[in-house]
Amino acid sequence: MLHDLINAFCRMLRMIFFKLYSNMTDNSKVKCGPCEYKSKLERARKWCTECEEGYCNECVKDHKLHKILRDHRVISIDDYFKIADISKIHQRCNTHGENFEYFSPSKDKIFCFKCLSTQFTYRNQEDIITIKEALNSSNTTDYVSNFETQLDDLIKEVEQRVKCHEDIADYIDDKVDQIIWKIREIRKKIDKKLDKLEARAIEDLKHNAHVQSTGENHHILKERVKEAREIKRNITLTKEYASDKNLFIFSRRVLEPIEQIKR
């Protein structure tokens with residue numbers, strides 16, 4: 001129920017603001033009904049809310065002369081444009097497109113003639129009266145005043161809800177900003193830690209690769225150099241102190257160790 005009232009009220013406000021600030025307030029668009037009937041074009045200056053027709057200054061005088069029309073409410077064209085869309089929408093049945101003419105006091109609802117013929121049987125039509133009869137038997141001003149009070153309360157309640165939602169949204173936005181800031185700070189720390197781990201991993205990788213590729217061979221080569229120097233020293237000593245026979249034999253014996261050093 002509250003949701004429907006809010007939607008109806010919002011639609012009403014949109015229509016009112018649209019009429020107030022749009023170009024449709026040009027009263028030259030409304031012509032005098034009686035003059036148009038007589039094939040004359042005369043701009044309407046007044047509007048009868050009961051007849052739903054515009055009148056020029058001359059025709060409105062004739063309108064007031066008829067007894068049956070004297071209680072009709074006649075307003076200026078400018079005032080008519082303030083309620084034009086509201087009247088067109090709310091004066092007619094959404095289902096059948098006809099004017100509301102009947103009222104059910106027990107159901108507190110209004111009906112057009114087609115609603116009356118389709119929704120009510122002959123027996124329960126005893127509860128139905130015309131809207132004019134309803135106006136004579138009730139105080140419409142008090143009813144509307146009460147409705148306006150309800151609308152004021154509704155507006156206040158909705159505005160409080162809107163304010164509450166805005167406060168919640170601001171609070172959430174603030175918390176989200178705080179969380180985002182914390183996430184970014186954590187990200188910075190993680191990036192620094194990852195940079196250190198990356199640098200250390202690259203350094204260890206290079207070191208291990210260097211050690212694995214050169215460590216064992218380096219040791220072997222150093223041993224071969226040592227062996228070769230030892231053979232050279234023995235050759236020198238043999239040449240200097242041993243006989244030619246010993247030198248010949250030794251030179252042949254060291255061929256195999258030399259070949260092993262070359263491998």
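Author: **The nonpolar core and the cysteines**

The largest nonpolar core consists of 8 residues, namely V30, A44, W47, I75, I77, Y80, F81 and A84. Such a core is a set of buried Ala, Val, Leu, Ile, Met, Phe, Trp, Tyr and Cys residues joined through side-chain atoms within 4.5 Å. Helix α4 (residues 77–90) supplies the largest share of this core, 4 residues. In soluble globular proteins, nonpolar side chains tend to be buried together.

The model is predicted: local features require pLDDT of at least 70 and side-chain atom pairs pLDDT 80 or more, while totals for chains, interfaces and linings use all residues. Residues are numbered from 1 along each chain as its sequence is written, and side-chain values use heavy atoms, with hydrogens and water left out.

As to the cysteines, the structure holds 0 disulfides, a disulfide being a pair of cysteine sulfur atoms within 2.5 Å. The closest cysteine sulfur to that of C35 belongs to C32, at 3.5 Å, which is too far for a bond. For C51, the closest cysteine sulfur is in C48, also 3.5 Å away and too far for a bond. C35 is buried at 3% relative accessibility, whereas C51, at 30%, is partly exposed. Here buried means under 20% relative accessible area, exposed over 50%, and partly exposed in between (1.4 Å probe, protein chains only).

H63 lies in helix α3 (residues 59–65); helices are DSSP runs (H or I, at least four residues), numbered from the N terminus. H63 is buried, at 4% relative accessibility. Leaving aside residues up to four places away in sequence, H63 touches C48, C51, Y55, L69, H72 and V74, contact meaning heavy atoms within 4.5 Å.

Conventions: Helix = DSSP H or I, 4+ residues; strand = E, 2+ residues; numbered from the N terminus.
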